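Please keep the sequence and the model in view while reading.

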Amino acid sequence: MSGETIFPALEPLLEKVSKPIQYVGGELNSTVKEWQVGGHGPGGEELTVRWALMYPDAYEVGVPNQGVMILYEVLNERPDALAERTYAVWPDMEALLREHGLPQFTVDGHRPVGDFDVFGLSFSTELGYTNMLTALDLAGIPLHSSERTDEHPLVIMGGHASFNPEPVADFVDAAIVGDGEEAVLAATDIIGEWKAQGRPGGRVEVLRRLAATGGVYVPAFYDVDYLPDGRIQRVVPTESGVPWRVDKHTVMDLDEWPYPKQPLVPLAESVHERMSVEIFRGCTRGCRFCQAGMITRPVRERSITGIGEMVEQGLQATGFEEVGLLSLSSADHSEIGDVAKGLADRYEGTNTGLSLPSTRVDAFNIDLANELTRNGRRSGLTFAPEGGSERIRKVINKMVTEEDLIRTVSAAYGAGWRQVKLYFMCGLPTETDEDVLQIAEVAKRVIETGREVAGHNDIRCTVSIGGFVPKPHTPFQWSPQLGAEQTDERLHKLRDAIRADKRYGRSIGFRYHDGRPGIVEGLLSRGDRRVGRVIEQVWRDGGRFDGWSEYFSYDRWMAAAEKAFEGTGVDVDWFTTREREEAEVLPWDHIDSGLDKEWLWQDWLDALDETEVEDCRWTPCFDCGVCPQMGTDIEIGPTGKQLLPLTVLGSGKESMVRS
Ligand code: SF4
């Protein structure tokens, strides 16, 4: 495989497609290494390991993705490896590539994806599965792993969706579960050694070596048996040396991994025009609907000095004027006050803005908000109470009272914000119409409070509602999902309730999606290997970009499912709206997220009882299982460290931040 660029053939096509700039690469901080960067062994063996990394969505969504950016950088830092990026091509480009016999290509070197050793895909959502099939097909890689030969790259998935890789088990060769930084390097070592040895045993052997680490899942090495009623009887490894359960990877010290150091600056418009620094990973709040919170335990904080250095280095490397402090709940960093104040001091008088893209209602305080907006930007604030009623918030363990919310928005409106966005979910377990209608009442109170404290009526509140999808490795993994029609009915009642009250109706924006994409997401999230046939059928019927409402077709999914499930005794409802029992073997039970299944079940029972569980960062351990398995304790500050040594910019001050 030569890795030769296809750009000369691609270039004439660019003027015929929409947004051609997304295909040209060359972004600030991107890398194109020599194809033979690792050199050769004594017998001429190649000593380079090459990864084509894909975020399976359009460039504008994929390019800011932190996961891919981090892997791209850590791989390219190795002298014996190279990594390039590829994204889902729009249907107009797909048609042209097919017409001209051109393959899926990387945006860095415009090299054919099929020439690389590994095709690595990062799935943060399952709705990218059909885009993976397009890319495989365009790359000339057989869709099914069983049909691939030694000529084809290893297809490896990662990202949150890999915590249940079963729906795509036929299409991927392997799944890496959990944090990727160390895992891709370890996989690169194994693949590199196998290549240096002259590829003994072909792709089966290298997959065997990867699987033997206990941290790489190779679906082809497992058999699934089913019970007559369609449930899974058991999942068993069929190869010796392959573990019964595959462990997730956890990077314990984020300060050792200050990536991305050189964030990519997109050429074309992208969803986030800012630089991001991950301030901690994991969450122990225990919100029962939140898969990310559960599967990324335990909490690992980046130190205040580590954050300061990353912000500084990243701004210098990119020229961005906004820094997002990322995590699942950024205000929960135990030193967030000092971080925000330190950064605001440091960048005072410059154009650099700070933002916390994810803030809990109860962790928000006005001092923090003021620090973040000190340099002049005061955009809208977003809070996520998630559930409309006190009762449903107990069920989901979102320990926020209506009073908390009112106090918070009151402080925000009082300090000059005019716009607050509230995020809720519909279709939560045990939810009734009443719980959802309560959202209208909350929104009205928010407006009323805002008008009162601001002393004028120019106050807005946007209510944004998403359909709830139960996810693997959460206490709600056993829960029935609300059907699409019932979700729509409930949301229509809510919309009517908001509009009916003329005093507030115009001040409240209402955004919701219909319930149908949620059912497809539910099928893909909690599906097993039989769902792979549906994905393939949808793709063959033209399914692309399922995360985009203009491309998504519910009818296509339902028609494909009917065909693919024929004679199997299972259907879409079976996977989505059915409640599971405790004893049922779940399709992802052999993927070990570190969470104890008995603890999850107990938490599910607590949910049904409306019993809340505290944040285990500040209370005794609830034995979810993660910390002992990782051999760690929850990490919290304060560390007593200062955001030094950093001089204050732009204000003419010569003092240090600490003064
Ligand atoms: S093991 Fe205990 S302290 Fe650690 S995340 Fe689980 S509940 Fe929290």
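## A buried tryptophan and its partner

In this predicted model, Trp601 counts as buried, at 15% relative accessibility. The limit for that class is under 20% relative accessible area. Trp478 is buried as well, with a relative accessible area of 1%.

The structure holds 17 aromatic pairs. One of them joins Trp478 and Trp601 in an edge-to-face arrangement, with 5.0 Å from centre to centre and 85 degrees between the planes. Trp478 belongs to the loop between strand 17 (460–467) and helix 15 (484–500), while Trp601 belongs to helix 21 (residues 597–608); the pair therefore ties together parts that are 123 residues apart in sequence.

## Further aromatic contacts

Another aromatic pair is formed by Phe510 and Tyr512, and this pair is tilted: the centres are 5.1 Å apart and the planes make an angle of 40 degrees. Phe510 is buried, its relative accessible area being 19%, whereas Tyr512 is partly exposed at 26% relative accessibility. Elsewhere, one aromatic cluster is made up of Trp90, Phe545, Trp548 and Tyr551.

Aromatic rings also meet charged side chains. Arg50 lies over the face of Trp35, at 4.2 Å from the ring centre. In a second case, the charged end of Arg578 sits over the ring of Trp574, and the distance to the ring centre is 3.8 Å.

## Surroundings of the ligand

Eleven residues are found around the ligand. Those that come nearest are Cys616, Cys621, Phe622, Cys624 and Cys627. By class, the residues of this shell divide into eight nonpolar, one polar and two charged.

## The buried face of helix 1

Helix 1 spans residues 7–14, and within this helix Leu10, Leu13 and Leu14 are buried. Viewed down the axis of helix 1, the buried residues fall within an arc of 105 degrees, so they line one face of the helix. Helix 4 (91–99) is included in what covers these buried residues of helix 1.

## Cis peptide bonds

Two peptide bonds to proline deserve attention. Tyr259 and Pro260 are joined by a cis peptide bond, with omega at about -5 degrees. Pro260 is placed in the loop between strand 9 (246–247) and strand 10 (275–278).

Arg297 and Pro298 are likewise joined by a cis peptide bond, for which omega is about 0 degrees. The loop between helix 8 (291–295) and strand 12 (300–301) contains Pro298.

Arg199 is not a glycine, yet its phi is positive, at about 55 degrees. This residue, Arg199, is located in the loop between helix 6 (181–196) and helix 7 (202–212). Arg199 is partly exposed, with a relative accessible area of 33%.

Glu386, also a residue other than glycine, has a positive phi near 65 degrees. Glu386 is part of strand 15 (residues 381–386). With 9% relative accessibility, Glu386 counts as buried, whereas Arg199 is partly exposed.

Notes: Residues are numbered from 1 along each chain as its sequence is written. This is a predicted model: local features need pLDDT of at least 70, side-chain atom pairs count only at pLDDT 80 or more; totals for chains, interfaces and linings use all residues. Side-chain values use heavy atoms; hydrogens and water are left out. A residue is near a molecule or strand if one of its heavy atoms lies within 4 Å of it. Ala, Val, Leu, Ile, Met, Phe, Trp, Tyr, Cys and Pro count as nonpolar, Asp, Glu, Lys and Arg as charged, and the others, Gly among them, as polar. Rings of Phe, Tyr and Trp (its six-membered ring) pair if their centres lie within 6.5 Å; planes under 30 degrees apart count as stacked, over 60 as edge-to-face and the rest as tilted. Helices (H or I, at least four residues) and strands (E, at least two) are DSSP runs, numbered from the N terminus. Buried means under 20% relative accessible area, exposed over 50%, partly exposed in between (1.4 Å probe, protein chains only). A charge sits over a ring if NZ of Lys or CZ of Arg is within 6 Å of the ring centre and within 35 degrees of the ring normal. The arc is that of the directions from the helix axis to the C-beta atoms. Contact means heavy atoms within 4.5 Å.
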